Amino acid sequence: MSPKRGPHRLARWVLALLLALGTTWLAPAPAMAAMDVAKQVLIGADFHDQDLRGATFNLTNLRDATFAGSDLQGASLFGAKLQDADLSNTNLREATLDSAIFDGTNLTNAVLEDAFAFNTKFTNVVIEGADFTNVPLRGDALKTLCGVASGTNPVTGRDTRSSLGCS
């Protein structure tokens, strides 16, 4: 068989094609790292309608920040200060909210399903239509939230009081 025919010719052709196209498709695409703004002062920051899945806002001052309509699934807001922040219509599923301060925070229609918020402080919050399904809360926080709970979440269809387990 001559060198210009058969499997060797095909192999050279495939190699030439690969070199012409580049080999970036052979390696997996690099994973996009989630945003990490831990321990920052972001007073009044605007994060509305953003994909912030897995982002880290640990110990960050987010007073007056806007997250309205954002996807914060799996994000960590451990110890974050969220006074007067707008988290309306946000996806906070599986988020870490432990030790965060929600004071005057707007959680209207937020979905907090499976979030961790056991030591979270809730004061003067708006939770109309929020879904707290499977969110562990301390007794004092639960009492505070049940005192203001109302509405039905438009995404999950769950009643806020029922999702909290209010009597």
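Which side chain meets that of R138 in a salt bridge, and what is the N to O distance?

Author: Happy to! This is a predicted model, so local features need pLDDT of at least 70 and side-chain atom pairs count only at pLDDT 80 or more, while totals for chains, interfaces and linings use all residues. Residues are numbered from 1 along each chain as its sequence is written, and side-chain values use heavy atoms, with hydrogens and water left out.

The partner of R138 is D140: their side chains meet in a salt bridge at 2.7 Å, N to O. A salt bridge here is a side-chain nitrogen of Lys or Arg within 4 Å of a carboxyl oxygen of Asp or Glu. D140 has a relative accessible area of 45% and is partly exposed; R138, at 32%, also counts as partly exposed. For these labels, buried means under 20% relative accessible area, exposed over 50%, and partly exposed in between, using a 1.4 Å probe and protein chains only. Elsewhere, salt bridges that share partners join R93, E113, D131 and R158 into one network.

Helices (H or I, at least four residues) and strands (E, at least two) are DSSP runs, numbered from the N terminus. E113 is buried at 15% relative accessibility, whereas R158 is partly exposed at 32%. The whole structure holds seven salt bridges.

Now to the rings: there are five aromatic pairs in the structure. Rings of Phe, Tyr and Trp (its six-membered ring) pair if their centres lie within 6.5 Å; planes under 30 degrees apart count as stacked, over 60 as edge-to-face and the rest as tilted. F47 and F67 are stacked, at 5.0 Å centre to centre with 15 degrees between the planes. Both F47 and F67 lie in the loop between helix 1 (7-21) and strand 1, 20 residues apart. F57 and F67 have ring centres 5.4 Å apart and planes at 90 degrees, so that pair is edge-to-face. F57 is buried at 0% relative accessibility, and F67 is buried at 0% too. Together, F47, F57 and F67 form one aromatic cluster.
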